[in-house]
Amino acid sequence: MTAATHSPLFPQVPDSADAVLEGLDPEQREVATSLHGPVCVLAGAGTGKTRAITHRIAYGVRAGILQPSSVLAVTFTNRAAGEMRGRLRQLGAVGVQARTFHSAALRQLQYFWPKAIGGSLPRLVDRKAQLVADAAAACRIRLDRGELRDVTAEIEWAKVTQTVPADYPLAAAKSAREAPRDPAEVAQLYAAYEELKRERVVIDFEDVLLLTVAVLQDRHDVAEQVRAQYQHFVVDEYQDVSPLQQRLLELWLGDRDSLCVVGDASQTIYSFTGATPDHLLDFRTRHPGATVVKLVRDYRSTPQVVRLANGLLAQASGRAADHRLELISQRAGGPEPVFAEYADEPAEAEGTARRVRELMDAGLPASEIAVLFRTNAQSETYEQALADAGVPYQLRGAERFFDRPEVRRAIVALRAAARFGGNDALLDDAPDLPSQVRAVLSGEGWSAQPPAGSGAVRERWESLAALVHLAQDFVAAKPGATLADLVTELDERAGAQHAPTVQGVTLASLHSSKGLEWDAVFLVGVAEGMMPITYARTDEQIEEERRLLYVGVTRARERLHLSWALSRSPGGRPNRRPSRFLDGLRPGSGSGPGRAGAGGAGGVERGVPGAAAGAGPSGALPGRVRRQRSPARCRVCGRTLTDGGELKLLRCEECPSDMDEGLYERLRDWRAEQARRSGQPAFCVFTDKTLMAIAESDPEDEHELARIPGVGMRKLRRYGADVLAICAGREGVGGKDQD
C-alpha cells in the first residue's frame, strides 16, 4: 500500500530549485511554476496531484520566491498532512506548515484565546457521542446505538454547514436529509447538547473551526497577525471543503489571492458531512483571473483499469459529472478487470481470500493488495476468510502507526540501544543495522516467523515487522547508517506521521481508501442494495455512490477484481443483482449509456483579470476517443468469460485446446532453466496458464506476444526474445537447444 505513485523510499534532496522541477510532466510543471495569483488544479485520480503541489511549494521555497514560514498547506487527514510534510522534507523545503483545517485552527485558537477571549481554552472532547447520550437523557429521549451515532452525525453536519438548532428542521428538509428522528427532536437534542457543553466548559472539533472563525471575524488585530504570518495557501482535496472550512479559508486570505486549490469533483464522497464540490467548481467565478490546470495523465493505473473508471463516469449525471476529467493512462497494458459472481456472501469472501492467496503465492507482497467494501460491517466476514487462508491483514482506520503502544515501546528500546548498545550483550552478534534492529525488537515481541492466526498479537507483530523492513530499506539507501541514524529518522517520521508500510493485506471501507493505492484491489459486495447503498434514494445520493465506486476502482494499479453475491447466506434466495453502475461495463450486461466528456482533456487555462468565467481552454490536450470493449467470450463455444485463467486462454477450461504440445513442453523446459538461474519459483517467470496461452496462439512477433494476458511490458522486455525464438523453433537466448 502506498499513498502516492511510486518513488524511492529515501530519495536524495534536489541540489537546486531547477532540480525540483525535473521529472514533472508539462501540466505538473505548470502547477509548480505558477506561484502568483489564484491557481486551480483539477486533478484526476492517479495524476500526481500531491507530487505537483509539493513540488510547487518546494520550487517556490528553493527559488527564494516563498518564505517557508509564510506557507500554509491544508488538507483533510493527519495521514495526508504527514505525507505532505515528509515529501516537502525530501525536497528540501523545511519549515513549511502542512496541517489539517482542524489542526491549523486549533493551533491558532490556543495561541490567541488568552488575548482574544481571556483565560484558558476549554477542554477539547475527543468523542461527542457520550455528550449526545447525556443530552438525550436530559430531554427524556431514548436513543438506541444506531440512532445515537446518526444523531451525532446530524449535529456535526449542522455545525459545519453553520446551521443553528432552531434552523435545523428547515435546513434538513432543504438538503433532503433523512433525519434519524423527527427533525424537531433532533433540533431539541442539538440545543441540549450545546447547552451541556457550555455547562461542562468543553468544546468539540466543529467548535474549533467555529470559534476560530468568530475570533478572526471579531478581532481584526488577530486576523491581521495571522495574515502577516501566512501569505501563501495551498488547499488539497478542495472538493471536500465544507462551508465552514471555506469561511475560515476566506478569513485567512483576507483580500489577497495567493491561493492554490487542488481537487476533483468526481471524487466528492463526503457530502453527508457537509462537503460540497461547489467551491471547486465555482473557483473561476470567484477568481476570474485564475490559472486553471487540468491533470489527466494517469500514472497509477493500467489502461484496462482506467477504461473501466472512465466508463463509470461516462454514465454519470449532475454538476460534478459535467466537469469530469477523462483519464489517459501512461502505463503499459495489464490484465482486464475480473468480474466474479458468487452464490452467497461467505462464498464471496472465501473466493476473494483464495484469489488473494494465489496472488501472494505468485510473488505479490501482501501490502500491495487491498479488499475494499462499502460498510465496515462487511469486514468481519473477510477477516475470517483471510485468516482461514493464512493471509496476514491489517484493518484501515485503526490508530495511527506511531501512536500504537508497541511502536512507541519499540522506538524507546531502539533509542536506548543506540545510546548504550556498546554495553549490551544482545548486540554482540549483530554486525549491521538490520540485525541490530531485529535483536532489539526480539525483546519486544518480534520473531522471524509471524504468529499463527489473527487478532491483536498478529497486529503487534506486523507493526514491529514494519520497523524491521524500514531498517533494511534505510541501510540500503544509506550504507553505513547507524542505529542512532535510524532513531533520528524514526523521530522525524513520527513528527510527520510518515509511517512505514505494514506487511499485510489491507481491509478498508471505500471511504477510508481515499488517497491510497495498491497493485491489486478487490472490490467486494458490488451489488444493488450495497452499491448503491439502500438508503441512497435521491439522484444526488445515487451519483455520490457512483463516485464512491469510482474512487475504489482508481485505487488499483494493475489488477482489479469486482465481485458480488446473489444471496446473503448459504441456501438463501438468490434475489440480488450486480450493481447498476456495472451495466454496460461487465461482460454480458450490454452496452451502457455514454456521455460526452465535458472538459475531460488536460492542459492549462489562463484567466484574464476581470474576464468572464468559463473561457475556453488554451493549449488543451486533445481528449482520447475510446471504443467500448466488448465482453470476452470463449473462442470455442462463445460463453462469456470471467475467470482469470479462462480469460488468458480465451476459452473455457473444458473446451478443447488447439495447443502445440511440443511448444508447450519446450516453453516449460525454458521456464525451469530461467527459474533456476534467477533463484525464483517457476510461476514468477510465467504461470502455466500464460505458457498455455502462448503455446495456443504461437505468436510471431512482439506485438502478438504482448497481447497475451500475463505478458506485461516488463516480462516482454526480459523474456520476449527467448519466447519468440522458441516459438520460431530456434534456441532461446538463455535456454537449451530446442531442436
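How much accessible surface does the chain have, and what share of it belongs to carbon and sulfur atoms? The total comes to about 32,800 Å², with 49% belonging to carbon and sulfur atoms. Accessible areas here follow the Shrake-Rupley method with a 1.4 Å probe, and for residues only the protein chains shown count as cover.

This is a predicted model: local features need pLDDT of at least 70, side-chain atom pairs count only at pLDDT 80 or more, and totals for chains, interfaces and linings use all residues. Residues are numbered from 1 along each chain as its sequence is written, and side-chain values use heavy atoms, with hydrogens and water left out.

**Whole chain**

Start with everything selected. The chain has 28 helices and 17 strands. Both are DSSP runs numbered from the N terminus: helices are H or I with at least four residues, strands are E with at least two. Of the 739 residues, 52% are buried. Buried means under 20% relative accessible area, exposed over 50%, and partly exposed in between (1.4 Å probe, protein chains only). Among contacts with a separation of 6 or more, 77% join residues 24 or more positions apart. A contact means heavy atoms within 4.5 Å.

**Strands 2 and 3**

Select 71-75 and 97-100. Strand 2 and strand 3 run parallel, joined by four bridges. Two strands pair if DSSP finds at least two bridges between them. Thr75 stands opposite Thr100 of strand 3. Now look along strand 3: Gln97 and Arg99 point one way, Ala98 and Thr100 the other, and all are buried.

**Helices 6 and 9**

Next, select 129-138 and 183-200. The axes of helix 6 and helix 9 lie 8 Å apart and pack at about 110 degrees. Axes are lines fitted to C-alpha atoms, for helices over the stretch in contact, and angles run from 0 to 180 degrees between N-to-C directions. Helix 6 and helix 9 are therefore roughly perpendicular. Angles of 65 to 115 degrees get that label; under 35 is roughly parallel, over 145 roughly antiparallel, and the rest oblique. Show the side chains in contact, including Leu131 and Val132 of helix 6 and Leu189 and Tyr193 of helix 9.

Move to the open sheet of six strands, order 11-16-15-12-14-13, with parallel pairing. Strand 11 (338-344) and strand 13 (393-395) are at the edges with a single partner strand each, so one side of each has no neighbour in the sheet. Neighbouring strands are turned by 25 degrees against each other on average, direction ignored. Strand 11 pairs with strand 16 (556-567) over six bridges, in the parallel sense. Pick Val338: its bridge partner in strand 16 is His561.

**Helices on the sheet**

How do helix 17 and helix 18 cross? Their axes come within 9 Å at roughly 45 degrees, which makes helix 17 oblique to helix 18. The crossing is right-handed. Contact residues include Ala349, Ala353 and Val356 of helix 17 and Tyr382 and Leu386 of helix 18.

**Last stop: helix 26**

Select 688-697. Seven of the ten residues in helix 26 are buried. They are Thr690, Leu691, Met692, Ala693, Ile694, Ala695 and Glu696. Finish on Asp698, which follows helix 26 and has a positive phi, near 45 degrees.

Notes:
A crossing is left-handed if the near helix is turned anticlockwise from the far one by less than a right angle, and right-handed if clockwise.
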